[in-house]
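Dear colleague,

Please find below the structure that I am handing over to you, together with its sequence. My notes on it follow, arranged by topic.

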Amino acid sequence: MTGPDPTPPGPRPLAWLDTHARARTEAGLRRRLSPRPADPAGGPALDLAGNDYLGLSADPRVVAGATAALRTWGAGATGSRLVTGSTALHAELEAELAAFCGHDDALVFSSGYTANLGVVTALTGPGALIVSDAAAHASLVDACRLSRARVVVVPHADVDAVDAALAARTETRALVVTDSVGSADGDLAPLAALHRVCRARGAVLLADEAHGLGVRGPGGRGLLAETGLAGADDVVATVTLSKALGSQGGAVLGPAAVTAHLVDSARSFIFDTGLAPAATGAALAALRVLASEPERAADVLRVAGALAAACDAAVPVSAVVPVVLGEPGPAVAAAAACLRRGLRVGCFRPPSVPPGTSRLRLTARAGLTGAQLSFATGVLAEVLADARTGAPA
């Protein structure tokens, strides 16, 4: 039996966390989890913060798809996709997703984040160049950092800068990465112009369609389909199953040679447990609903337009309606005021957005009733009038 450790205590090795927490609090950047109630609609508050663009996360058909998969395949995938984690259901989802979006093939990952990590690192590496849009999603940024390729970050949506970076390269392989629809601003990437530059310079275009699938393109097939680029042999897409499809997971879409290469070399695919059957079944059911009800995509844009009008914001081109308020404090206060009135909205602050552009981030959802939309626009108009005049919320 040993006694107390006679060694005197030294400096606390995690004391720096207290300093960082205080600094974040003073800057209005401290984040806290806010668990939702069990109500599938998000509790008593009307939700304009989540990314359930098509209103499918609680759709009975989607829930039925999840429960049927759960009963058939069990709670978990039981292993990585290369061991026991690939089921007939995964293959079915991949085939239907590729066909719907107009690509040759698809490969399902456990999340959109891991899909981006996997495809960027597997298609580049030492001796390759990545040209990344400055506003690219954090998952693309992290993928670039992990790739060990040379990375050039260009100004947002600057096609000439992309062209210059590709023209000056010494590397044989090059990959241009961008979101098709901006997650914070909701703007559309100039995909057609980017592809022309990529094709002229012998580069591959990778577009993250996380916010495009279900909203843009014919019947919600994405911005690549809208611009006629889906299925091109030098174009790759990533999608998430957790936004418009109301489930969880992600996928890479593109030429079959790309997905075959990912099975061999994408570490976030090889060493990760496969997507859970329930999420796979839900995503497949949601995809089928979207295919049979293409009007849902147009309804998202209709709702987004009404929200933007109430906020005196620009006419939106996606489900995302940004209302920029400047500093974190006013944005946080406005989001809290909306919630007190029964409306849940997103609040984006640095580092999610650049300093000075803290905002409410509203997300439109198909299927809102006239009464719900009237309630939401009324709350937003009232809260934003107070926020812009500096009145207490």
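This is a predicted model: local features need pLDDT of at least 70, side-chain atom pairs count only at pLDDT 80 or more; totals for chains, interfaces and linings use all residues.

S358 is buried, as its relative accessibility is 0%. Leaving aside residues up to four places away in sequence, S358 touches V323, V324, L325, G326, E327, P328, A331, F348, R349, P350 and V353. Ten residues along the chain from S358 is L368, and the C-alpha atoms of S358 and L368 are separated by 27 Å.

One of the residues touched by S358, P350, also takes part in a cis peptide bond: the bond runs from P350 to P351 and has omega near 10 degrees. P351 is located in the loop between β10 (343–348) and β11 (358–363).

**Backbone exceptions**

As background to that bond and to the two residues that follow, most residues other than glycine have a negative phi, and most peptide bonds are trans.

R148 is not a glycine, yet its phi is positive, at about 65 degrees. R148 sits in the loop between α5 and β4. With a relative accessible area of 67%, R148 is exposed.

D312 is likewise not a glycine and has a positive phi, of about 55 degrees. The loop between α12 and β9 (320–326) holds D312. Its relative accessibility is 68%, so D312 counts as exposed.

**Salt bridges**

How many salt bridges does a search of the whole structure find? The search finds 17. Side chains of opposite charge can pair when their charged atoms come close.

In the pair R61 and E293, the closest N and O atoms are 2.8 Å apart. R61 is partly exposed because its relative accessibility is 39%. E293, by contrast, has a relative accessible area of 18% and is therefore buried, given that buried means under 20%. R61 and E293 also belong to a network, in which salt bridges that share partners join D59, R61, E293 and R296.

The side chains of R288 and E92 form another salt bridge, with an N to O distance of 2.7 Å. R288 is part of helix α11 and E92 is part of helix α3 (residues 88–101), so the pair ties together parts that are 196 residues apart in sequence. What is the accessibility of the two partners? R288 is partly exposed, at 39% relative accessibility, and E92 is partly exposed, with a relative accessible area of 34%.

R150 lies in strand β4 (residues 150–154) and E171 in the loop between α6 (159–167) and β5 (173–179); the pair links distant parts of the chain, 21 residues apart.

**Packing of α4 and α5**

Helix α4 (residues 112–123) packs against helix α5 (residues 138–147) at an angle of about 35 degrees, and the two axes are 8 Å apart. The crossing of these helices, α4 and α5, is right-handed. On the α4 side, the contact is made by Y113, N116, L117, V120 and T121. On the α5 side, the contributing residues are A138, S139, L140, D142, A143, C144, L146 and S147.

Which residues make the nonpolar surface patch of about 310 Å²? The patch is formed by L14, W16 and L17. Of these, L17 is located in helix α1 (residues 16–26). L17 counts as partly exposed because its relative accessibility is 37%, and residues of a patch need over 30%.

With kind regards

Definitions and conventions:
Residues are numbered from 1 along each chain as its sequence is written. Side-chain values use heavy atoms; hydrogens and water are left out. Patches are made of residues with over 30% relative accessible area and no salt bridge: like charges are joined within 9 Å, nonpolar side chains (Val, Leu, Ile, Met, Phe, Trp, Tyr) within 5 Å. Accessible areas come from the Shrake-Rupley method with a 1.4 Å probe; for residues, only the protein chains shown count as cover. A salt bridge is a side-chain nitrogen of Lys or Arg within 4 Å of a carboxyl oxygen of Asp or Glu. Helices (H or I, at least four residues) and strands (E, at least two) are DSSP runs, numbered from the N terminus. Buried means under 20% relative accessible area, exposed over 50%, partly exposed in between (1.4 Å probe, protein chains only). Axes are lines fitted to C-alpha atoms, for helices over the stretch in contact, and angles run from 0 to 180 degrees between N-to-C directions. A crossing is left-handed if the near helix is turned anticlockwise from the far one by less than a right angle, and right-handed if clockwise. Contact means heavy atoms within 4.5 Å.
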